[in-house]
Amino acid sequence: MTDHGSVEHESPDLVGLLTGELPRDQTLAAARHLEGCAKCAHELADIVVAHAALRSSSRVSGLLEEDEEDVETAANTTATG
Ligand SMILES: [Zn+2]
């Protein structure tokens with residue numbers, strides 16, 4: 001079965017692109033690909049939404065830990081200052 005009508009499609013590493021783990025040349029290639037490929041652009045949008053949901057849920061515990069450290073630092077500063 002030959003498929004002459006379809007252009008060879010090589011999906012860029014969208015997750016790597018999002019997390020910034022992609023090498024610079026691949027990031028640029030992926031960006032160029034997304035400009036002309038609505039399918040991958042749509043897929044990237046889905047991944048961004050999923051990634052944002054994950055980040056917002058983990059951010060809550062991260063903030064709590066940061067707050068604890070801040071309180072400790074503030075207490076030390078107050079004690080010495
Ligand atoms: Zn594509």
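The secondary structure of the chain comprises three helices and zero strands, where helices (H or I, at least four residues) and strands (E, at least two) are DSSP runs numbered from the N terminus, and the elements accordingly run α-α-α from that terminus on. The model is a predicted one, in which local features need pLDDT of at least 70 and side-chain atom pairs count only at pLDDT 80 or more, while totals for chains, interfaces and linings use all residues. Residues are numbered from 1 along each chain as its sequence is written, and side-chain values use heavy atoms, with hydrogens and water left out.

The chain exposes about 6800 Å², of which carbon and sulfur atoms supply 55%, the accessible areas being computed by the Shrake-Rupley method with a 1.4 Å probe, with only the protein chains shown counting as cover for residues. Buried residues make up 12% of the 81 residues in the chain; here buried means under 20% relative accessible area, exposed over 50%, and partly exposed in between (1.4 Å probe, protein chains only).

A zinc ion is held by the protein donors His9 (NE2), His33 (NE2), Cys37 (SG) and Cys40 (SG), which lie 2.0 to 2.3 Å from it; donors are N, O and S atoms within 2.8 Å of the metal (3.2 Å for Na, K and Ca), and sites may look incomplete because water is not among the atoms. Along the chain these donors follow the spacing H-x23-H-x3-C-x2-C. Distant parts of the chain are linked by His9, in the segment before helix H1 (14-19), and Cys40, in helix H3 (residues 38-80), which are 31 residues apart. The angles among the four donor atoms are 104 to 113°, and the site is therefore tetrahedral, a term applied to four donors if all angles lie between 85 and 135 degrees.

Apart from its neighbours within four places in sequence, Leu34 is in contact (heavy atoms within 4.5 Å) with Leu14, Leu17, Cys40, Ala41 and Leu44.

Notes. Four donors count as tetrahedral if all angles lie between 85 and 135 degrees; four count as square planar and six as octahedral if opposite donors are over 155 degrees apart and all others between 65 and 115; anything else is irregular.
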